[in-house]
Amino acid sequence: MRGAQLLTNHCPGIGLPLAVGLGIMLAGSASAQTANVAADENRLRHSAIESIRNDITANWLAPADLTGIREVHVRIQFRLDHTGTIMGKPKVTMTGGPEKAQKAVAASALRAVVRAAPFKKLPMDKYDVWKEVIINFDASDPAN
């Protein structure tokens, strides 16, 4: 303890500014690392979502020639296990358009989700990022 006191007291004008500067540098470094981790998580989340979305879109054949189909929106929510397999029954929510069109779009969207599963292109070590999925289907735009 005494040796440390002697060192700090040896140059009293430099000790405090140096400690403050080092503290600021370390705080800045921690902030930069936190920002990089958050950016990596966002990229990973986006990549996993895009992988799931692409697999489902490749399996979706939107029904055609139904009155009011362009106003139909379907939302499917489901959970995945660690292997990318759907757990339980997906929750389907339909809005817009006539009931007949809603049912047709919902059925085709659900078929696409089931056909696309299990989702194999997901990073297994980041399960928390992709374990819950919500996909929105817009019949007016088959790319959605």
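**Ground rules.** I worked from a predicted model, where local features need pLDDT of at least 70, side-chain atom pairs count only at pLDDT 80 or more, and totals for chains, interfaces and linings use all residues. Numbering starts from 1 along each chain as its sequence is written, and side-chain values use heavy atoms, with hydrogens and water left out.

**Sheet.** I looked up the strand order and found β2-β1-β3, an open sheet of three strands with antiparallel pairing. Strands (E, at least two residues) and helices (H or I, at least four) are DSSP runs, numbered from the N terminus. Strands pair if DSSP finds at least two bridges between them. β2 (86-95) and β3 (132-138) are the edge strands, each with a single partner, so one side of each has no neighbour in the sheet. I noted an average twist of 15 degrees from one strand to the next.

**β1 with β2.** I then checked β1 (residues 73-80), which seven bridges join to antiparallel β2. Leucine 80 has isoleucine 86 in β2 as its bridge partner.

**Helix on the sheet.** I found α3 (residues 99-116) packed on the sheet, touching β1, β2 and β3. Contact means heavy atoms within 4.5 Å. The direction of α3 makes about 155 degrees with that of β2. Axes are lines fitted to C-alpha atoms, for helices over the stretch in contact, and angles run from 0 to 180 degrees between N-to-C directions.

**Loops.** I noted a cis peptide bond between alanine 117 and proline 118, with omega about 0 degrees. Proline 118 sits in the loop between α3 and α4 (127-130). Aspartate 65 lies in the loop between α2 (12-58) and β1. Its phi is near 60 degrees, positive in a residue other than glycine.
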